[in-house]
Amino acid sequence: MGDAMFDWWGRAVVRLRHAALGAALLLVAVGATWGAGVFGLLTGGGFDDPASESSRAAERITETLGRQGADVIVLWFSDTHTADQPAFRDPVASTLTGLRSRPEVASVTSWYDTPSPALLSSDRRATYVLIRLTASDEDAQTEAYEALRPALDAPGVRTQVGGTVPFLHDANTQTSEDVTRAELLSMPVLLVLLILIFGGLVAAATPLLIGGLAILGAFIAVRLLNMVTEVSVFAINVITLIGLGMAIDYALFVVSRFREELSAGHDTPTAIARTMATAGRTVLVSGLTITVAMASLLIFPQAFLRSMGLGGMAAVLVAMLASLTVLPALLVVLGPRINALRVPLPWRRGGKAAGPVPTLTGGGWAWIARVVMRRPALFAVGVVVVLLGLAAPSLRMEFGGFDERVLPADAPARVVSERIRAEFPGGTVAPIDVLLTGVPAEQAGQFAQRVAGVPGVTGAQPVANRGDATLLSVTYTGEPTGDVAQRVVRELRDLPAPEGGEVLVGGRPAADRDLLDSLSSRLPWMALIMAAATLVLLFLAFGSVVLPVKAVLMNLVSIGASFGVVVWIFQDGHLADLLGFTPTGFIEPSNPILMLAVLFGLATDYEVFLLSRVREEWDRSGDNTTAVATGLQQTGRIITAAALLLVVVVAGFATGGMAYIKLIGIGMIVAIVVDATLVRALLVPATMRLLGRWNWWAPGPLGRVYQRYGIRESAHPAPAGEEPASTGAGPATAGDAASRHHAFTR
């Protein structure tokens with residue numbers, strides 16, 4: 001898969017340009033109509049491991065006792081009346097009567113029917129009712145809640161609604177609003193930045209066009225996938241983030257190289273052929289690497305993580321294919337008009353939209369290259385110290401579950417949860433379910449007494465019984481995601497069951513415990529898949545066993561720095577008031593897992609951009625120092641621009657109302673900035689300078705594998721319609737390399 005393939009592809013795109021553009025128009029039409037219909041088909045849940053004890057407990061409870069627990073909690077309160085006074089009691093009683101006649105409602109439990117002290121606040125001015133819906137599916141429950149919500153208000157009494165279903169509804173709604181706002185904020189800023197980068201409206205519009213294609217194409221792919229497997233709505237968030245970000249990155253790289261080739265005096269077909277043989281090959285390697293990184297999410301049993309993996313894979317593949325087909329076809333049609341509609345910018349002398357790449361003796365990146373090449377050890381040690389300092393807090397990362405505190409402080413579901421814990425005796429919105437089967441009710445009562453004696457448990461009440469099956473509702477102190485709840489779950493599971501009986505522990509705290517265990521058990525396999533795929537793909541791209549290993553290590557260092565900042569902010573609570581979130585003292589584990597997949601792919605993306613140009617120069621000159629310096633100079637501006645654009649895409653997430661969206665946004669911004677500046681601009685060139693010719697080392701058998709199967713790049717591809725010409729390294733080339741080597745090291 002070497003020079004011939006990419007040369008052939010460049011010539012094929014020139015011939016088939018109209019077919020490629022026609023296919024793009026068809027994709028837009030289908031994606032904007034049929035593909036956009038995916039929004040109403042995706043599930044809002046998928047957080048459980050079907051094989052976990054909490055999932056098995058939920059299934060057994062439903063099978064033996066019917067659906068239990070509360071889906072919706074309605075809190076009614078008054079500033080002036082107590083719950084037993086007519087001004088409070090009568091409107092609530094009327095509302096309860098209306099609720100019991102609704103088809104969405106399976107049961108209603110209130111203080112007026114069962115005078116349980118847990119349902120009445122300590123000051124007697126508030127009470128809450130527990131509503132179980134007839135629907136059992138999460139999406140159907142959400143629809144039922146939306147239909148039921150207006151009927152929950154009691155006239156003359158203030159109403160707040162919480163519980164599991166409203167919490168998930170509020171979380172999904174807030175997430176959608178955050179993502180929509182992020183898109184609305186980012187698009188105009190992206191256009192302005194692209195105009196500043198390219199200096200012309202036509203060139204600036206092309207990355208956004210490819211971004212739109214990537215998103216619409218991924219919508220089509222996800223809708224097709226939804227026909228054969230469950231896909232969560234979270235896939236849409238990843239499609240927006242990764243699809244737009246990668247499409248802009250790839251288009252920026254391809255368009256920049258095409259304009260560079262035009263500026264060098266080549267005609268359009270030749271410029272396209274050379275662009276595909278260089279930038280096109282880089283896009284292919286990057287796209288495959290990021291796709292495999294996102295595919296590592298498929299090993300998790302939780303549908304929402306698998307869905308984000310599927311959405312990310314679809315978005316990256318469509319962005320890659322569009323950048324290798326539709327974009328070059330468009331560039332063939334535009335030709336030199338890619339520089340049309342120029343915008344006069346003060347720093348572009350003469351108003352030129354594009355010029356040749358600066359020579360090695362000038363420009364800011366040339367200066368950085370010279371400085372790094374002269375003192376590589378100093379830069380390598382200095383950057384590593386800074387990155388390790390940033391990463392240090394990640395060593396004390398604590399994991400915890402997903403609760404109402406991720407919502408804004410005034411969100412009703414969060415307010416209800418906090419008020420029940422603060423104002424009601426022994427109040428909790430998420431009791432632990434203990435299902436005891438195989439023993440009579442008398443023995444179940446004795447077991448309940450043992451459960452009540454577990455430290456941290458505030459009550460253990462039988463709430464349902466049928467035959468030899470009894471369900472205990474266990475309350476506890478603190479948050480459902482807190483240490484006490486997690487310890488209680490573990491101790492309940494350690495309690496020996498009565499003779500002949502079986503105990504299953506479920507409920508929300510148990511589901512959180514199972515989620516943590518499930519994710520942590522598969523995380524090493526995810527890391528192994530990403531690392532192995534990166535090693536293989538980068539070896540096939542660059543023919544070295546040293547560079548891929550170094551790339552994986554660099555990725556881990558930059559991602560570690562991001563995790564360290566996330567822990568310092570979101571776990572420790574620094575900047576909480578400024579950023580507007582409630583620190584919980586832990587990190588929800590699916591967030592760093594998603595960040596790991598995305599950031600590992602992005603870091604490899606920038607590595608491929610840099611190393612491709614370094615390898616191109618190495619093949620031409622055979623001088624490592626010159627190759628590294630030239631690669632840094634010629635890609636530094638593009639990598640920095642790509643990182644800036646991606647930061648803009650992600651920045652909208654950091655302003656969201658959901659704490660976990662905010663966490664992902666800030667974590668990714670830190671990782672992108674660190675990776676594009678400290679790592680790619682300083683650490684990678686410095687270590688490559690120190691390694692010298694060892695950068696390109698591979699043992700004999702692997703060297704032969706690379707010669708036969710490597711995804712190699714041609715520095716001088718043949719123009720469209722011509723056979724490739726041989727390009728040996730003559731004396732002029734060697735002399736040129738020697739003079740540049742002297743310039744960088746003197």
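1. A residue is called buried when its relative accessible area is under 20%. By that cut-off Glu 260 is buried, because its relative accessible area is 17%. The structure discussed in this note is a predicted model.

2. Glu 260 pairs with Arg 613 in a salt bridge, and the closest N and O atoms are 2.6 Å apart. Glu 260 belongs to helix α8 (residues 234–263) and Arg 613 to helix α20 (residues 590–621), so the pair ties together parts that are 353 residues apart in sequence. Arg 613 is buried as well, with a relative accessible area of 7%.

3. Arg 620 and Glu 617 meet through their side chains, at 2.9 Å from N to O. The two residues are 3 apart in helix α20, which means that about one helical turn separates them. In general, an α-helix has 3.6 residues a turn, so residues three or four places apart point the same way. The two partners fall into separate classes of accessibility: Arg 620 is partly exposed, at 25% relative accessibility, whereas Glu 617 is buried, at 9%.

4. Some salt bridges share partners. The structure as a whole holds 23 salt bridges. One of them is formed by Asp 675 and Arg 680, with the closest N and O atoms 2.8 Å apart. Asp 675 and Arg 680 are both buried.

5. Which residues gather in a patch of negative charge on the surface? They are Asp 48, Asp 137, Glu 138, Glu 143, Glu 146 and Glu 230. Glu 143, a member of this patch, lies in helix α5, which covers residues 138–148. Glu 143 counts as exposed because its relative accessibility is 58%, and the cut-off for exposed is over 50%.

6. Met 308 sits in helix α10 (residues 303–324). With 6% relative accessibility, Met 308 counts as buried. Leaving aside residues up to four places away in sequence, Met 308 touches Phe 234, Ala 235, Val 238, Met 294, Leu 297 and Leu 594. Met 308 and Ala 23 are 285 residues apart in sequence, and their C-alpha atoms are 27 Å apart in space.

7. Ala 510 can be described in the same terms. Ala 510 is part of helix α17 (residues 508–542). Is Ala 510 buried or exposed? At 0% relative accessibility, Ala 510 counts as buried. The contacts of Ala 510, again not counting residues up to four places away in sequence, are Ser 54, Val 489, Arg 493 and Val 505. Between Ala 510 and Leu 579 there are 69 residues of separation in sequence and 31 Å in space, C-alpha to C-alpha.

8. Helix α11 (residues 326–334) is mostly covered, with 7 of its 9 residues buried. Those buried residues are Val 326, Leu 327, Pro 328, Ala 329, Leu 331, Val 332 and Leu 334. After α11 comes Gly 335, which has a positive phi near 60°.

Key
Residues numbered from 1 in each chain as written. Predicted model: local features only at pLDDT ≥ 70, side-chain atom pairs only at ≥ 80, totals over all residues. Heavy atoms only, no water. Patch = residues over 30% accessible without salt bridge, like charges linked within 9 Å, V, L, I, M, F, W, Y side chains within 5 Å. Areas by Shrake-Rupley, 256 points an atom, 1.4 Å probe, with all protein chains shown as cover. Salt bridge = Lys/Arg side-chain N within 4 Å of Asp/Glu carboxyl O. Lys, Arg positive; Asp, Glu negative; His and termini not counted. Charge placed at Lys NZ, Arg CZ, Asp CG, Glu CD. Helix = DSSP H or I, 4+ residues; strand = E, 2+ residues; numbered from the N terminus. Buried < 20%, exposed > 50% of the residue type's maximum accessible area, 1.4 Å probe, protein only. Contact = heavy atoms within 4.5 Å.
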